[in-house]
Amino acid sequence: MSVDDRQAPGRSHLDVTPADATDRGPGRIRGVLGWLDERTSVARVVRAGMRKVFPDHWSFLLGEVALFCFVILVLTGTYLTLFYVPSASEVTYQGPYAPMAGTQVSAAYDSVLRISFETKAGLLMRQIHHWTALAFVGVVILHLCRVFFTGAFRRPREVNWIIGFTLLVLAIALGFTGYSLPDDLLSGTGARIAYSAALSIPLIGPWLASLAFGGEFPTSAFISRFYVLHIMLLPGLVIVLITGHIALLVLQKHTQYRGGPAREDNVVGRAFWPGQAFLSSGLFFLTAAICSLLGAFFQINPVWLFGPFDAAVVSSPAQPDWYVGWLDGALRIFPSFEPTILGITIPSPFIPGIVIPGVLFTIVALWPFIEARITGDDRAHHILDRLWEHPLRTATGVAILTFFAVLTLAGGNDVLAFQFGFDVEFLTRLFRWLAVLLPIAAWIVTYRLCRGRLREGDHPSPPIAGHAVARTPDGGFEEIHE
Amino acid sequence: MRRLPTEGPARRSDTDPDDRRLERIVLALFGVTVACALALLVVYILGGQTQIEGLLLFGALGALGIGIVVWGQRLIPARINIEPRDPVGVDQAQMAELEQTLIEEAGFSRRRLLVGALAGALAALAAALAIPVFSLGPAPGRSLFETSWRAGRRLATQGGPPVVASDMPVGGVLTVFPDGDSSDPNASTLLIRIGSNPGGAAASSPSPGSSAGASPAAPTPSSAPGTAAAPASTEFVALSKICTHAGCPVGLYRSTEHVLICPCHQSEFDVLDGARPINGPAARPLPALPFRLEPDGTFTALGDFPEPVGPSFWDMDL
Amino acid sequence: MTLRPAAGGPDLRAVGGWAAILAVVAIIAVSGPLPAMAGALASPHATGSRQSVGGASAAVTEAGTTLFQSQCASCHGVQGQGTSYGPSLVGAGAAGADFYLRTGRMPLSAPSQPVVRREPILTDDQIRALTDVVASLGDGPEIPKVTSGGDVSDGSRLYIANCAACHGATGAGNAIGGGNLAADLHQATQTQIVEAMRIGPGTMPKFAFSKDQEASIAAYVQSLQNEPSPGGLAIGGLGAVAEGFVAIGIGLVLFVLATMFVGRRSHEGEPPEDPLP
């Protein structure tokens, strides 16, 4: 850019005319970017960002899929907030769904029925939103497993692990508050259980439950409070944490699998632009497509059948969404145990509902530090491990997953009994044993398998064919043959 | 200084004949997207249908996604790039300088008393600002220990008239509230007619007749002539409907076995044995409502439940 | 089956013959009927005689009585008084018999067989005959005539408050513990629904609804059967458990497949080996 001598009247000598503003093609982009860059200094960051390297493996895309699910949830969720009424005031339903005609329902429930039956594309948006939520938590867990089993959480990424795990907990909380918003019979029952779990905490329980719900259950306040949590506080936290999560990732650069030119002091892969950008945006649309498919063809949460919430009425089967199912299962199979210590009652939901999840979540959240302490390895790692290279970590991860899987299945014990012809009481007893024995067995088997594979010796990397290059000390390019 | 990643050479020629074919495929896919999007618009305007709209959305998004991915995978020359990574570690000199700037220049190390007082002041302010959190809900007080039952209130169905004993069939169950006041769901009570011989064969039950003034959510008393003689009060039990485990209504009743089941976590209560939990995670029996059977066949409560209803809490026995 | 006349005079032959017939009937009644007998015994013996066994005046036919003896008496007793294999039918009434027989729950071919809905093995006439017999055993509910004017919104309120806890909000049924099942309601006729509420089959409680209320509930259950499920596949109407299986078994699987498709390596100049086994 240069100062133009031929200045139009009224322009100061500091005005600068872009060199080829009237050219076609790249000139126009340069013009726009130049205009922006003058005001934001954005060009250098964009240039570096375009060249940023993404290691090339499909398992690294799972985190992106989770992010895309969140975006879809925000988009469909925004649509729903335009029609949903977060109020517990009673109205009479007068819409087209005949079995509810004339029933006294909350304004929230009424608005969800209107979305489902009267708003065009309302039911589709609602179902896409709900199915995406179910899949979102699943993808986050898959991503967490990839990070865990490959040891990507090690120094310097411990903080990012904690942020990521917090995001999982927030995702579950978002789901719970979300499906409680229609104020239907099933989700209201779930809210009651959450209240009772809070109530069960010794010393602070009754106060905590009363403050959280606005009084003794049921209250008229909890719908609007869940709404504030669901559309503002929790998503706000998630957005801040996702930003931090990605910022750390950019700063620390991605980890990568061993092999080829990959080393601890480099990142080998595909540049963001154009390759990775195309793949990521394509993946976004594919994710959205799958969510639309589910939302179109599978009915989910038909609240018109459950009826409005009434704290003296219940329907069965009574399960929460699957990602809370483990908590329901823990409450179902934990034996009846309500001791009184020094006059203080320890209510029966306390241990399975608060203590056990609390302990497990803390262990998972602090795992990078726990593992570093146990193995004595607190060096920085950017190369990922293979599954069997850390038997302790892999076995412990498999055991914890097994435990949660057993609890999740136990949450559906009556439905499983009904479908497969078992006694409910038999299944409950069986799950009790499985919850203890299966994780232990899984740990032992996994540990053995990993050790066995380790003993067989490392399989050498085959030589790579093709044209991987690296920079030589004197600045040139050099092909790598290993 | 930041070093930019190095870039390897392109590995494919852009004039590959495969390219033409792939281009056509991607074009076709984008065409599918346009078609589906237009069709979606038409369907929406015509009134909409969930499955068709969803399918078209799936088509539009899926075709677009595949098209972009194929473009990115096959039409863009693939390069392997390598980026150097800065070593992880603490620059001690930089840290020392930072420490100097943060602490020494503000004088924190010299003015420890001031620093302590500042910390205390901030903490006190934070505590004061946290006080409004207590406006979120009332003090628990006695609310967990009481329901809306009082002595003299009759047992009635929700929004309906007081229950008449002879209208209940043996083996029947009703949900009742204080007459005229069903606003407290924690007062919901199960009234069960277990009969005079609960362990034996089922006695005959009155045949239902027709009546007017049906209540919205419960059976209406019938007035068929020739019904059985007035039942004794021992044929009935009144139990809190709120499960003592996690507070769900205990809505299931296995009438021949006289067992109540809560659907949330499968706690089972033996009605003939003081509603003692016999299975599942509940640890306390369902509280029994004291009542009296009046000569006119209605039921009157003798007071509130003797124990707190619903899930336990830490000071319920204190 | 042939009879050998007893040695001796014609009187003894006749007595012996009748004794043999009675003995055979008694043996069959005690040893338990075979399903094949049901067809064999469907001989129309409509004598029109009105025998009153017990109190009520029912049109008890000889065919009905014989059917009762062969199909029911082995577990319920020759006079329906009950045995250790089956409860008393006195007071069960026409409604009770009609419900169990039309839903195919009865007759059982063995006492240990579970009592669940099946294709009925008896014909319409046989069921009517047996119903009359059972009705005659003692005072019991008659077969209800369900009026068609039930209000589906009243029905939904009543159903959710009284029935959904066991039979489910969608009418899909559920396991309720102790080896008992609350039935799937999708094949129940309106008559069967009202009968069930009145007689309380199995461990189901009895409900003393008014006729209007019964009709409303029956109408609502019919609407559940015809429910079009506007959201797509109802996946069994089993709630969050089924939805969870779909979310993971279909949704998550599709996500992973899409991710693997997008992340697949192009096949020239291959970079590092795939480390995941």
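What follows is a set of questions and answers about the terms used for this model.

Q: What should I know before we start?
A: This is a predicted model, in which local features need pLDDT of at least 70 and side-chain atom pairs count only at pLDDT 80 or more, while totals for chains, interfaces and linings use all residues. Residues are numbered from 1 along each chain as its sequence is written, chains are lettered from A and ligands numbered from 1 in the order written, and side-chain values use heavy atoms, leaving out hydrogens and water.

Q: Why is Gln266(B) called buried?
A: Buried means under 20% relative accessible area (over 50% is exposed, in between is partly exposed; 1.4 Å probe, protein chains only). Gln266(B) has 9% relative accessibility, so the label is buried. You'll find Gln266(B) in the loop between β8 (259-261) and β9 (268-270) of chain B.

Q: What makes the pairing of Gln266(B) and Arg332(A) a polar contact?
A: A polar contact needs a pair of N or O atoms within 3.5 Å; within protein, one must be able to donate a hydrogen and the other to accept it, and residues adjacent in sequence count only if both atoms are side-chain atoms. The side chains of Gln266(B) and Arg332(A) come in at 3.0 Å, and they make a polar contact. Leaving out residues up to four places away in sequence, Gln266(B) also touches others, including Asn413(A), Asp414(A) and Asn279(B) (contact means heavy atoms within 4.5 Å).

Q: How do you know how much area chain B and chain A bury between them?
A: Buried area is the accessible area (1.4 Å probe) that two parts lose on being put together, summed over both. For chain B and chain A that gives about 7300 Å², with 65% on carbon and sulfur atoms. Glu83(B), Arg85(B) and Trp314(B) supply 12% of what chain B buries against chain A, more than any other three residues. In contact terms, 80 residues of chain B meet 97 residues of chain A. The rule finds 28 residue pairs in polar contact there (both at pLDDT 80 or more), but zero salt bridges. The largest share of chain B's side, 17 residues, comes from α2(B).

Q: What makes Arg154(A) and Asp385(A) a salt bridge?
A: The rule asks for a side-chain nitrogen of Lys or Arg within 4 Å of a carboxyl oxygen of Asp or Glu. Arg154(A) and Asp385(A) are 3.1 Å apart, N to O, so they form one. Across the interface of domain 1 and domain 2 of chain A, the rule finds two salt bridges.

Technical notes. Helix = DSSP H or I, 4+ residues; strand = E, 2+ residues; numbered from the N terminus.
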